[in-house]
Amino acid sequence: MDLQHWLNEALANHEKWTAEYGSFTPHSSLQADPALFGSALAELQDRLRDNYPFFHPRYAGQMLKPPHPAAVVGYLSAMLINPNNHALDGGPATAAMEREVVSDLATMFGYGEQHLGHLTSSGTIANLEALFVARSLHPTRGVAYSSEAHYTHSRMCGVLGIEGFPVAVDGLGRMDLDALEELLKTGKVGTVVVTPGTTALGAIEPVNLVLDVARRYDARVHVDGAYGGFFTLLAGTDLAPEPWEAIGSCDSVVVDPHKHGLQPYGCGAVLFRDPSVGRFYLHDSPYTYFTSDEMHLGEISLECSRAGAAAAGLWLTLRLLPLTRDGLGEVLAAGRRAAVRWASIIRESEALELYQEPELDIVTYFPRTDPLTLSAVDAASHRVMQTGMNAPVDPIFLSVARASKGAFAARHPEVGADADGARVLRSVLMKPESEDYLDTLHARVLSLL
């Protein structure tokens, strides 16, 4: 896509719209000297070079990549107006767009028309809202989540003043169902968080099985799909359908469009299957919500001011890449194909060992050291990451994940347990270009051993 062309179109359309309201003279206090502006901009651009190349497939470290050009153009178009989606009079057009994209997300997850949901500034805030509703429904009961779940859940339990219960995981890094049931038998848990796509390993927790266990003990189920949620588009084709199809029967779900939805930060989303939970958000405001009898987005959100531009960016992106297997799903499928193929290459390698089979687009692996011990693996993994990212020529950018001694013993008993755990190399292949760049990336990793 010719980003420059569409940005110019957006600016031209904005100028045409503003001209409809008549001309006025901008205040002198807002004027800036062109020379000073140019100098400051040059400094900004120079300072922004102190970033890793998130746009390039040689960056396979964290869950970072630039937004789609459509998201940039859509966001800029609305940002120039700067609507606030808290109230309908703060952003009539973008509030309508938000409702449309939330409806699209609800359909993707199998929720009915009578859902409740909205965009948020992040997945953390989205999860906070889900747990806020959980506390409102079960004020004396806590929240269970696997020990591999994102740290946001323990943090938000602290914010909300409710008890969090980490649940042990099985040999694949997924919530252990027997451990969950033993915890539920105590009656201390009102909500179970299940993660279809953990952020460390990309492990798909069995949403359908967790749902069955939780319902036996009158517990709600919240799906943290911040990272993995969009992979529901691959259910039944690339991925087994059962965990993803069960999301539609869960009580709430979170997803982050600023991850696999190709959006800029921050754009998260939270959805509730039962719209009646909106009663927990009710509040009074002396000066908003008067331009429409419709419910305003701020009346179903813990956040107040929110960027309408986030809704515009997502809306435009989904017009081009709809929430279908052949639309946005193909973007995710490319990254997953890359992960599966790299795992196959690593299995045939004499220098690398696959730590765990990838389920989504995260690959974990470690150097085969001599001696093959946890301390040696830890040191080698760290060295490869550091050497690769600091190379003056042809750098590559990986990350590491720490695995406990017990996790290693379950997966690789041949590794000597001379330490409490070890770091393993971790690569996130969420850019579809990773599929074509994979051989180059693998060869570069081998050159660092």
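The model is predicted. The count of aromatic pairs comes to 11.

**Stacked pair: Y52 and Y59**

- A pair of aromatic rings is described by the distance of the centres and the angle of the planes.
- The ring centres of Y52 and Y59 are 6.5 Å apart, and their planes meet at 20°.
- Planes under 30 degrees apart count as stacked, so Y52 and Y59 form a stacked pair.
- Y52 is partly exposed, at 41% relative accessible area.
- Y59 is buried, at 5% relative accessibility.
- Y52 and Y59 also belong to an aromatic cluster with F54 and F397.

**Tilted pair: F132 and Y281**

- The ring centres of F132 and Y281 lie 5.7 Å apart, with the planes at 55°.
- Stacked needs under 30 degrees and edge-to-face needs over 60, so the pair of F132 and Y281 is tilted.
- F132 sits in helix α5 (residues 123-137).
- Y281 sits in the loop between β7 (268-272) and α10 (308-320).
- The pair therefore ties together parts that are 149 residues apart in sequence.
- F132 is buried, with a relative accessible area of 12%.
- Y281 is buried as well, at 3%.

**Charge over a ring**

- R319 lies over the face of W315.
- The distance from R319 to the ring centre of W315 is 4.9 Å.

**Helix α7 and its buried side**

- At the start of α7, a side-chain oxygen of D176 comes to within 3.0 Å of the backbone nitrogen of D178.
- L180, E181, L183 and L184 are the buried residues of α7.
- These residues cover an arc of only 160° around the axis, so they lie on the same side of α7.

- L184 belongs to helix α7 (residues 177-184).
- Its relative accessible area is 3%, and under 20% counts as buried, so L184 is buried.
- Beyond neighbours within four places in sequence, L184 contacts V189, V192, V213, A214, Y217 and A219.
- L184 and V213 are 29 residues apart along the chain, yet their C-alpha atoms are separated by 8.5 Å.

Notes:
Residues numbered from 1 in each chain as written. Predicted model: local features only at pLDDT ≥ 70, side-chain atom pairs only at ≥ 80, totals over all residues. Heavy atoms only, no water. Phe/Tyr/Trp six-rings, centres within 6.5 Å; stacked < 30°, edge-to-face > 60°. Buried < 20%, exposed > 50% of the residue type's maximum accessible area, 1.4 Å probe, protein only. Helix = DSSP H or I, 4+ residues; strand = E, 2+ residues; numbered from the N terminus. Lys NZ or Arg CZ within 6 Å of the ring centre and 35° of its normal. Contact = heavy atoms within 4.5 Å. Arc of directions from axis to C-beta. Polar contact = N/O pair within 3.5 Å; in protein donor to acceptor, adjacent residues only side chain to side chain.
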